[in-house]
Amino acid sequence: MYHLLKQIAKTGIVSERAPQADESLRQIGQRLHDAALKHLGRALCVRHVDAGSCNGCELEIHACNSPYYNLERLGIRFVASPRHADLLLVTGPVSAHMETALRRTYDATPEPKLVVAIGDCGCTGGIFGESYASRGAVSKVIPVDVAVPGCPPAPAAIIQGILTAVSSASGRSSSAASR
Amino acid sequence: MKDFLPDAERLPGALPAWHASIQAESLRAVAQKAREGKARLVALWASDETTRGAGYAVHLALALPAGLLWLSAPLEREHPRYPGIADLFPCAARMQRAAYDLVGVHAQDNPDHRKWLRHAAWPGGQFPLRKDFDADARPEPGEDHYPFVRVEGEGVHEIAVGPVHAGTIEPGHFRFSIVGEKVLRLEERLGYKHKGIEKRFEALSADEGARLAGRVSGDSTVAYAWAYAMALEAASGVQPPARALSLRGIALELERLANHLGDLGYLGNDVALSFGFFQFWRLKEDLLRLNHELLGHRYLMDFVVPGGVARNLEPSALARLLDALGSIEREVATLRTIYDEHAGAQDRFIMTGQVTLELAAQFGLAGLAGRASGQAYDLRADHPVPPYAELEVRVAGHIRGDVAARVSVRFEEITESLRLMRALGAALPGGELRVAVAAPRAGQLGCGWVEGWRGEVFVALDAAQGGRLHRVHPHDPSWQSWPLLERAVLGNIVPDFPLVNKSFNLSYSGHDL
């Protein structure tokens with residue numbers, strides 16, 4: 001126990017500042033009313049769905065929970081069921097064998113809901129493209145609000161994508177004004 | 001190797017690898033002899049040779065004491081079939097099923113004839129890796145029926161998990177049959193991530209194939225890119241520069257280190273020691289950032305390229321890397337003491353998810369999980385190719401085969417990887433980073449075999465004309481480990497499954513292709 005406590009004290013707090021939302025990542029107009037966003041606020045439940053990735057994007061989603069990024073401090077946490085989720089974080093390409101499971105997961109997520117596609121493959125199908133076994137981009141299967149490119153996108157970019165999805169229209173205009 | 005099979009021809013390249021064509025009728029006899037000689041089955045796959053005026057072929061890669069033997073058996077065009085070898089090499093059963101799903105070659109006497117990688121994306125009777133199958137086809141999705149084995153009896157019930165799991169993890173289906181909390185049987189169903197990787201290779205040039213190879217399983221991108229490059233370089237008769245080989249070695253050890261750090265963190269997390277998760281993931285993040293800064297990518301994707309490496313490691317960058325490794329080593333030593341002395345964690349680790357030595361040997365388990373069950377195979381030591389030849393890699397080992405053993409192997413391998421990186425860095429040769437790789441001539445074979453962090457990554461390459469690829473088969477070590485996860489969890493309680501699963505940390509993408 002002594003070693004453990006000493007290590008905690010020695011490490012201190014390493015969490016860094018969270019990134020800001022980035023409007024250029026938005027795919028379709030904001031689907032949620034400001035009122036709904038206010039309710040979601042920064043208490044957001046995320047369900048991750050791997051729809052066929054190479055598992056590279058999963059490594060970076062894991063890293064979002066590392067103490068440097070400390071996603072939970074922002075009120076964002078991963079949940080075990082789509083029925084508890086506000087937002088789906090989907091990596092791709094969507095394999096043909098995962099198409100049904102992804103649709104069902106989307107349908108099981110209560111309204112209002114948001115979808116963030118992660119990675120080059122989630123955005124476009126990437127190097128796997130579309131084929132007999134791959135449906136390509138996540139948006140080919142379910143509506144996507146925000147798409148985050150990268151192979152894989154770094155944790156800060158993933159967090160930025162999530163924050164963009166939940167940033168409100170009023171927040172958009174004020175951040176545009178401040179630029 | 002000539003003693004084993006007189007017709008075997010040495011393949012080009014530094015890897016001790018041979019190729020032989022045999023008749024399908026003698027396949028079992030050769031496999032039997034290999035089994036008696038303690039050989040392991042590395043991979044089994046099939047190919048369509050009809051565009052070359054032949055029928056089909058089934059291929060085996062065997063690990064023999066002298067090196068790797070790639071056997072090809074031609075099969076007839078009508079009703080291609082061969083005698084199955086799953087009784088000799090149990091891990092072949094799923095590979096034979098996959099070979100049927102993709103190429104339509106039939107293994108006789110396979111105890112299990114259910115489909116494996118095929119779900120509903122294409123109908124039975126069509127085979128995506130046949131040359132006349134259009135890669136862009138969108139066959140009408142059919143119904144997906146898969147008969148799981150049912151366990152019956154008083155009080156037995158089933159828990160169906162997946163393909164979408166509760167955590168951030170790849171998709172697959174697990175069917176547990178349990179009594180109370182005890183697992184009576186686990187049946188896996190994989191193939192959800194099948195995205196047509198092998199077919200995709202055939203649409204790419206040999207050079208472009210390197211990027212795809214690096215994305216077969218993202219957590220092993222260096223191992224795959226290296227195995228692919230090794231195969232292509234062998235087929236082209238090219239020897240990469242010494243500096244590039246040393247830098248590949250450093251990259252492979254960095255990949256091992258990053259994955260082991262992450263897994264050790266999650267193994268702590270899964271026994272409610274979240275302290276371990278935060279500490280190890282802090283160290284992992286430090287390492288990933290350094291990778292990005294010094295070598296251009298957090299996971300070193302596209303660093304290994306055919307003919308060499310894409311980036312240099314300048315002396316100042318090397319010094320920074322070695323410095324950072326020193327601090328990681330000190331921190332890991334502290335954390336190991338904490339894990340070892342933590343009664344709660346050890347209570348969960350010890351005797352959980354055991355794979356006995358006998359079972360591991362029977363299934364040809366290699367890699368990290370194999371070394372935790374007394375299977376002391378490590379390509380870096382058994383068949384060292386440059387830059388490992390003079391490093392005398394110390395193979396980690398344990399015999400208990402439980403979660404605790406897989407934790408110990410990871411700690412030991414971190415120490416060894418750090419030593420190897422220091423040794424490689426201290427003697428980094430000068431010279432070129434990359435040489436040109438000419439297109440191999442049609443029909444030229446090459447193979448790559450690399451000890452990735454999870455185990456042996458194997459790539460078999462058969463070149464086509466004009467720098468294209470006739471057939472590429474990437475093989476993940478998870479193929480050998482997945483069947484043993486089903487065994488490891490028997491008699492354990494359901495809540496320990498995530499821990500057991502994490503202690504293997506197998507690839508779905510690398511398996512489903």
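**Entry 1: between the chains**

I looked up A:Glu16 and found that A:Glu16 forms a salt bridge with B:Arg289, with the closest N and O atoms 2.7 Å apart; a salt bridge here is a side-chain nitrogen of Lys or Arg within 4 Å of a carboxyl oxygen of Asp or Glu. I note that this is a predicted model, in which local features need pLDDT of at least 70 and side-chain atom pairs count only at pLDDT 80 or more, while totals for chains, interfaces and linings use all residues. I also note that residues are numbered from 1 along each chain as its sequence is written, that chains are lettered from A and ligands numbered from 1 in the order in which they are written, and that side-chain values use heavy atoms, with hydrogens and water left out.

Between chain A and chain B I found a count of three salt bridges, and 31 residue pairs in polar contact, both residues being at pLDDT 80 or more. A polar contact is a pair of N or O atoms within 3.5 Å; within protein, one must be able to donate a hydrogen and the other to accept it, and residues adjacent in sequence count only if both atoms are side-chain atoms.

On the side of chain A that touches chain B, at least two residues each come from helix H1 (2-11), strand S1 (44-50), helix H3 (56-63) and helix H4 (99-108) of chain A, where helices (H or I, at least four residues) and strands (E, at least two) are DSSP runs numbered from the N terminus. H3(A) gives the most to this side, with seven residues.

I then looked up the extent of the contact, and it takes 50 residues from chain A and 64 residues from chain B, contact meaning heavy atoms within 4.5 Å. The area buried between chain A and chain B is about 4,600 Å², of which carbon and sulfur atoms give 61%; buried area is the accessible area (1.4 Å probe) that two parts lose on being put together, summed over both. A:His97, A:Ile127 and A:Tyr132 supply 20% of the area that chain A buries against chain B, more than any other three residues.

**Entry 2: salt bridges within chain B**

Searching the whole structure, I found 45 salt bridges over all chains. One of them joins the side chains of B:Asp219 and B:Arg454, at 2.7 Å from N to O. This pair links distant parts of the chain, 235 residues apart, with B:Asp219 in the loop between helix H4 (209-213) and helix H5 (221-236) of chain B and B:Arg454 in the loop between strand S13 (445-451) and strand S14 (456-463) of chain B. Are these two residues buried or exposed? B:Asp219 counts as buried because its relative accessibility is 6%, and B:Arg454 counts as buried at 6% as well, buried meaning under 20% relative accessible area, exposed over 50% and partly exposed in between (1.4 Å probe, protein chains only).

The side chains of B:Glu233 and B:Arg248 also meet in a salt bridge, at 2.7 Å from N to O. B:Glu233 lies in helix H5 of chain B and B:Arg248 in helix H6 (residues 242-269) of chain B, 15 residues apart.

**Entry 3: a loop residue**

Finally I looked up B:Val151, which is found in the loop between strand S7 (106-108) and strand S8 (156-161) of chain B. B:Val151 is partly exposed, with a relative accessible area of 25%. Not counting residues up to four places away in sequence, B:Val151 touches B:Val156, B:Ser177, B:Leu184 and B:Arg185.
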